[in-house]
Amino acid sequence: MADKKQSPNKSTNSHPLADSSSPSQTLPTTAATATSSAAARKKLTLIPLIFLIYFEVAGGPYGEEPAVQAAGPLLAIVGFIVFPFIWSVPEALITAELSTAFPGDGGFVIWADRAFGPFWGSLMGTWKLLSGVINIAAFPVLCIDYVKKIVPPLESGWPRRIAVFSSTLLLALLNYVGLTIVGYVAVVLAFLSLLPFILMTFIAIPKIHPHRWLSFGDKGVKKDWNLYLNTLFWNLNFWDNVSTLAGEVENPQKTFPMALFVSVIFTCVSYLIPLLAVIGAVDVEQSAWGSGFHAQAAGIIAGKWLKILLEIGSCLSGIGLFEAQLSSSAYQILGMAEIGILPKFFASRAKWFNTPWIGIVICTAISLAVSYMNFTDIVASANFIYSLGMLLEFSAFIWLRWKHPGIKRPFQVPLRLPALIVMCLIPSAFLVVLMVFTHKMVLVVSAIMTAAGIVWFGLMKVCKNKKILEFNPPLDAIEES
């Protein structure tokens, strides 16, 4: 990652692996990058983008506790130090390179389309969109779960349903009024949700016993490797989600690499420091380290007041996660329409705020529907198809480096092709291991989602060929025009 800061300045010309006899190429991405109206829109700058990425991935140390429960303190600490280099850094590097090479809304959909054609672009869009909007559904529910401790009637029945419905609509409305506003809200939410952890860490310092960091866990407790690996994976994942906002970023060729560089460091530190503080200061059985244990630890370390603050912080983190991920999903739909995968009207923007209102409505409607289901298997299936999308993404990255070395890459991963293949094979192997050990029901639901995506592509192709609906020209047509 140290070389990452240097790359934007040294690779604004042709790709260093390109044949010197072939001219460098710039492949257009979406209509948004080519129109004058795009330049007139308010764009995301560095600081808001950093915190949008932060909420795409983490939103705070909430949820890291099961790693200790699964494998003990030492392996949890080692995991949050080592796993970013196995997964987060490669994913962030790939996102930085491809988002600057193809700076348009649509992100990973554009990459798959450019590498393998519109079918794979459409399927990537299906996998990533479904996984995104299903995960979005959990965040308003999480917020209500914390509020119900203060307002008990929200625990069940119609009051809870109405609360979930109204909070989802209210949070979606914030997305409607503008991405730049969402970005600055993310900055405020990050500060407020991390403040309890900062206070807890400082208060815990005199109580820390460093030898507790070296514990392998309680004797006789069997390691739960599935829980351990999944906890690390889902706490340090989704770096590529921000790629669907590339068309909305000020000077993305410089801003994206720097934002990803800072957010990787910031996210990893925000996980590791509270984990070290709580493990060192609190002596409890390993089984106590379930989801939400940080709040209990805050009560032990400083008292009930900090426990309450941390629970409020968790609710604010959920809001930030909702806003960031809804933005990515909505702009993904807009980007897919701009490159001709979806009908043209899906690229419509709100007249006053210039936001992708159709994408926001679709994502909000799906997340609302899922939030009223018993969606354990659905969420697990969403994670499974997200993994399929990541395998396709790694493949597209390698293919584009191999087959299109002349594409302008304002930022490029400073490795040659063999090293890049190794870099992608390690996280790919990890994905395959996670997918092999999944449940049969998850495989069935994932197969249904994938089949629906294939049918949808066929339906869109018929609509395009028979001119039933109007579509923007595909990428190849834009390139030739």
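This is a predicted model: local features need pLDDT of at least 70, side-chain atom pairs count only at pLDDT 80 or more; totals for chains, interfaces and linings use all residues.
Biologist: How many salt bridges does a search of the whole structure find?

Modeller: Side chains of opposite charge can pair when their charged atoms come close. For a salt bridge, a side-chain nitrogen of Lys or Arg has to be within 4 Å of a carboxyl oxygen of Asp or Glu. With the whole structure searched, the number of salt bridges found is 8.

Biologist: Which side chain does Glu97 meet in a salt bridge?

Modeller: Happy to trace that one. The N to O distance in this pair is 2.9 Å, and the partner of Glu97 is Arg401.

Biologist: How many residues apart in sequence are the parts that Glu97 and Arg401 tie together?

Modeller: Start with where each residue sits: Glu97 is in helix α5 (residues 73-101), and Arg401 is in helix α16 (residues 376-403). Both Glu97 and Arg401 are buried.

Biologist: Where does Asp240, the partner of Lys128 in a salt bridge, lie?

Modeller: The side chains of Lys128 and Asp240 come together at 2.3 Å, N to O.

Biologist: Is Lys128 buried or exposed?

Modeller: Buried means under 20% relative accessible area. Lys128 has 4% relative accessibility, so Lys128 counts as buried. Its partner Asp240 is at 0% relative accessibility and so gets that label too: buried.

Biologist: Which helix holds both Lys307 and Glu311?

Modeller: These two form a salt bridge, with their closest N and O atoms 2.9 Å apart. They are 4 residues apart, about one turn of the helix. Lys307 is partly exposed at 27% relative accessible area, whereas Glu311 counts as buried at 13%. The helix that holds them both is α14 (residues 304-338).

Biologist: Which residues join Glu97 in one network of salt bridges?

Modeller: We already have one link, from Glu97 to Arg401. Salt bridges that share partners make one network out of Glu97 and two further residues, Arg401 and Arg409.

Biologist: How many disulfides does the structure hold?

Modeller: A disulfide needs a pair of cysteine sulfur atoms within 2.5 Å. Among the cysteines, Cys268 is buried at 14% relative accessibility, and Cys463 is buried with a relative accessible area of 9%. For the structure, the number of disulfides is 0.

Technical notes: Residues are numbered from 1 along each chain as its sequence is written. Side-chain values use heavy atoms; hydrogens and water are left out. Helices (H or I, at least four residues) and strands (E, at least two) are DSSP runs, numbered from the N terminus. Buried means under 20% relative accessible area, exposed over 50%, partly exposed in between (1.4 Å probe, protein chains only).
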